[in-house]
Amino acid sequence: MSGFCYFIGKRRRTTMQMFKEQIAQRLAPLVDWEPERVAAALEIPPDAKLGDLAFPCFQLAPKLRKAPPAIATDLANRLEVPAVVAKVEVVGGYLNFFLHPHALAQQVLEAVLEAGDGYGNAQLGAGKTIVIDFSSPNIAKPFGVGHMPTTVLGNSISKLYKALGYNVVRVNHLGDWGTQFGAMIVAYLRWGENDPLTEDPIGKLYRLYVKFHQEEEKEPSLRDEARAWFSRLEAGDPEARKLWQLFYDVSLKNFKRTYDRLGIDFDYYTGESFYVDKIDAALERVKAAGITEVSDGALVVPLGDDLPPCLLQKSDGATLYATRDLAALFYREETFKPERIIYVVALDQSLHFKQLKLVLEKMGLPLADALVHVPFGLVKLPEGKMSTRRGQMVLLDDVLQEATSRVREIIAEKNPELPQREQVAEEVGIGAVIFHNLKNSRMRDIIFDWNEVLNFDGETGPYLQYTHVRCMSVLRKAGRQELALPQDLSGITDEVAQQVLKRLSQFPEIIVKAAESYEPSTMSRYLLDLAQDFNRFYNTCRIIGEVEAVETSRLALVKAVAQVLRRGLDLLGLKAPEQM
RNA sequence: GCGCCUGUAGCUCAGCUGGAUAGAGCAACGGACUUCUAAUCCGUAGGUCAGGGGUUCGAAUCCCUUCAGGCGCGCCA
């Protein structure tokens, strides 16, 4: 995790990184540090008035036995500044660097525009494979807003790693096996009236599911019935299998429609049922390692006093969650040879993954190190936890429906002439919902609030999309195809433009940071900052109709911002319409 | 009881690999559209960074502790 700031540079240096390295090269010998250490110590001052980069001298004080301000002054006098630095100032214990506005503009715009949509990509992961397991819903249940975090986090994380050159395998580990399917069969046989489920299958299955759990309260024997049907299913009973297949087919079809709408796809829809015939071998493998024991009739792996044991087989012989996950781990290792297997699964399952990891460790498998659990908080209702079985949930379809119709209203009001209104409403409405789920640190619980999801002002997806639209609109109206950077860049040397340029230069680092911390919100926040910087520029500076050099340089900046916004939105899984 | 996570402005949150006066958005109030899309921008107001202790030249950030909330802890997934 450490060192991303100066490691990425090995092949293609990022621009903010370039500036840091140029300064570090000259400064390193004076302070007797490695250049990498100096580069890492360089920070961005809280206020641009203080400079563009700063070197704090406090750590040098004990060794040099001098006060930090004196050290800074001394360094300022002895330092031979690189060409990009226009000015060095000493403030307190800080050595502050002001980049040459012209050099900053030129280097950043060249880097961004030349790389095009590849700006920010890296080769950190060349030759390495990552398997990412995300979304993984329980089928035969509707897609609720509670499934959004894993779905959009996983999508974004896999795109971030792809940008870093990794080969990413996206797996949807469908919850398509287990006692719940016994329950579905019982409910369908009792109350399903042999419905072929051709219309509104998910709604019907959902009502059956809720009814089962209501009836189960009054009639606890239903639970045993469900277990029995699941046993029959595992044993290959044709009737059980036929019903299971029906539920599976209609559910998957429905889920795929939702994923299409969200713009998300998977390389494999290999759910738990896929591993049924691989479980015995997995179980044997664990047993052969000699770490299992039988406790109360169940097969377990004891994990010491601090952790509860990992249950592999119930006393009736049936398999469990952990058993199937182990089978999946072995299969994935053999099939994809990944350096990492990432599980984007809610925080409440931390113990499960901790146990899996420990089991692998006890088996002496390096696979233990590859296993990464990326947890996130719960989506809750103001009343408390959501519960599918009690019917306390919000359907994603309802939210998408509300969001897109709200966008449609706004378009009718603000831009009634807009071409392709339907598509834009879809892209913006869904963008709002996705961004809402990626805006904040993933560990926080989300209280579902219609007002927040349907707000399109301020820190929202539509705000970012709107900013992109503004850029595209300017470029369209300028009507210029070729944008060779002029010699004279004085149109973008003022403070607001420079702020935008500095922000653009950070994009590559942001990709790495977001990927390594499995935290797309880092990208979300960055894009909000970029959009805000740009909108400030847009409101301050005229672009079209200025003298040619000014217009051209500003257009280049607009083009670069549009490009980074589009790319950043894509990494989050949002579309960037050209008009809205 | 034990373990994991969270606690920053009225609300939702950034900032947390220690650094300069703690930042946004929403809500409130006041401004900016005959000029590139006002889904925008500018300003005003709003803070014991949950409380206490410690480490440090320096702590919202690291350590300890207390409190509050969420989640989990053997045959569900």
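Biologist: How do you know whether the distance between the end C-alpha atoms of helix α19 agrees with what its 18 residues should span?

Modeller: The expected span of a helix is taken as 1.5 Å times one less than its number of residues, and for α19, residues 461–478, that gives 26 Å, which agrees with the 26 Å between its end C-alpha atoms. The name itself rests on DSSP, where helices are H or I runs of at least four residues and strands are E runs of at least two, numbered from the N terminus. This is a predicted model, in which local features need pLDDT of at least 70 and side-chain atom pairs count only at pLDDT 80 or more, while totals for chains, interfaces and linings use all residues. Residues are numbered from 1 along each chain as its sequence is written, chains are lettered from A and ligands numbered from 1 in the order in which they are written, and side-chain values use heavy atoms, with hydrogens and water left out.

Biologist: What makes T460 a cap, and of which end of α19?

Modeller: A side-chain oxygen of T460 lies 3.2 Å from the backbone nitrogen of Y463, at the N-terminal end of α19; a polar contact is a pair of N or O atoms within 3.5 Å, where within protein one must be able to donate a hydrogen and the other to accept it, and residues adjacent in sequence count only if both atoms are side-chain atoms. Just after the helix, G479 takes a positive phi of about 60°.

Biologist: Which class does N121 fall into by its relative accessible area?

Modeller: N121 has 25%, and is therefore partly exposed. N121 is found in the loop between α6 (101–115) and β4, where its side chain makes a polar contact of 2.9 Å with the side chain of R567. The C-alpha atoms of N121 and K162 are separated by 8.5 Å, although these residues are 41 apart along the chain.

Biologist: What makes up the largest nonpolar core, and which residues have the most contacts inside it?

Modeller: A nonpolar core is a set of buried Ala, Val, Leu, Ile, Met, Phe, Trp, Tyr and Cys residues joined through side-chain atoms within 4.5 Å. The largest one has 151 residues, and those with the most contacts inside it are F55, F97, L504, M523 and F537. Its largest share, 12 residues, comes from helix α22, residues 548–572. Apart from it lies another core, of 35 residues, among them V131, L299, L303 and F353.

Biologist: Why are β5 and β10 said to stand at the edges?

Modeller: The open sheet has 4 strands in the order β5-β4-β9-β10, with parallel pairing, and two strands pair if DSSP finds at least two bridges between them. β5 (167–171) and β10 (371–374) each have a single partner strand, so one side of each is left without a neighbour in the sheet. Strand β4 (residues 129–133) pairs with β5 over 5 bridges, and I130 stands opposite V168 in β5. Helix α13, residues 321–336, packs on the sheet, touching β4, β5, β9 (340–344) and β10, and its direction makes about 140° with that of β9; axes are lines fitted to C-alpha atoms, for helices over the stretch in contact, and angles run from 0 to 180 degrees between N-to-C directions.

Biologist: How many bridges join β9 and β10, and in which sense do they pair?

Modeller: β9 and β10 pair in the parallel sense over 4 bridges, with I341 standing opposite L371 in β10. From β10, L371 and H373 point one way and V372 and V374 the other way, and all are buried. In a regular strand the side chains alternate between the two faces of the sheet.

Biologist: What makes β1 a strand with both faces covered?

Modeller: In β1, residues 53–56, L53 and F55 on one side and A54 and P56 on the other are all buried. β1 runs antiparallel to strand β3 (residues 94–99), joined to it by 4 bridges, and the bridge partner of A54 in β3 is N96.

Methods: Buried means under 20% relative accessible area, exposed over 50%, partly exposed in between (1.4 Å probe, protein chains only). Contact means heavy atoms within 4.5 Å.
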